[in-house]
Amino acid sequence: MALPQGKRPLFETVNAKKKVISGLGATRTLSVDESGSMVVLDRAAGIVLTLPLAVPGLTYDFVATTSVTSNAYKVITGAGTELLIGGYTNVDTDTSNAVAVFTGNGSTHVSISMNGTTTGGLLGTALRFTCLSTTRWMVEGFVQGSGIVATAFATS
């Protein structure tokens, strides 16, 4: 049965591939045009990624395919007035597989910084940042850490 012009089926087959951003240097500012991309964290020496200025609907996925061993995998908002809410689960992978949940406070947190141990950034870490408004980004995902895990949410 044909649908009226301009109408789309509720469930569509999606064969489109996500844009993959990988092989980055030490720093990178993401663009609005890259929304929907998967950013591969594949630099053991860490990467600082700056989100573009907030536009509701932007989404970026970050996946660690290499554990960070120095510096950090850091994702920071484009302006000090854009704050993080939401949360993620961090699993202690080296001993007990203890699980902790950390949340953005929506009032001072502007970045996530994963150090490769307690705050995460190990192989298998996956986070999604979704822009909700001109002042709010939602963070959700799964972080792999070691030792006594701690929050990666940060104020700078």
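Student: Which residues do ring pairs link into a cluster?

Tutor: The cluster consists of Y88, F102 and F153, joined by ring pairs. Rings of Phe, Tyr and Trp (its six-membered ring) pair if their centres lie within 6.5 Å; planes under 30 degrees apart count as stacked, over 60 as edge-to-face and the rest as tilted. This is a predicted model, in which local features need pLDDT of at least 70 and side-chain atom pairs count only at pLDDT 80 or more, while totals for chains, interfaces and linings use all residues. Residues are numbered from 1 along each chain as its sequence is written, and side-chain values use heavy atoms, with hydrogens and water left out.

Student: How many aromatic pairs does the structure hold?

Tutor: A pair of aromatic rings is described by the distance of the centres and the angle of the planes. The structure holds four such pairs. In one of them, Y60 and W137, the ring centres are 6.3 Å apart and the planes stand at 45 degrees, so the pair is tilted. Because Y60 lies in strand 5 (residues 59–64) and W137 in strand 11 (residues 136–145), this pair ties together parts that are 77 residues apart in sequence.

Student: At 0% relative accessibility, does Y60 count as buried or exposed?

Tutor: Buried means under 20% relative accessible area, exposed over 50%, and partly exposed in between (1.4 Å probe, protein chains only). Y60, at 0% relative accessibility, counts as buried, and W137, also at 0%, counts as buried. Of the 156 residues of the chain, 39% count as buried.

Student: What does the secondary structure of the chain come to?

Tutor: Helices (H or I, at least four residues) and strands (E, at least two) are DSSP runs, numbered from the N terminus. Here there are zero helices and 12 strands.

Student: In what order do five strands form an open sheet?

Tutor: Two strands pair if DSSP finds at least two bridges between them. The order is 2-4-6-9-12, with mixed pairing. Strand 2 (27–29) and strand 12 (153–154) are the edge strands, each pairing on one side only. Strand 2 and strand 4 are parallel, with three bridges; T27 has V48 as its bridge partner in strand 4. Strand 4 also runs parallel to strand 6 (residues 73–76), with four bridges, and I47 stands opposite Y73. Strand 9 (residues 111–114) pairs with strand 12 in the antiparallel sense over two bridges, and S111 has A154 as its bridge partner.

Student: Which residues form the covered face of strand 4?

Tutor: In a regular strand the side chains alternate between the two faces of the sheet. In strand 4 (residues 47–50), I47 and L49 form the covered face, whereas V48 and T50 form the uncovered one.
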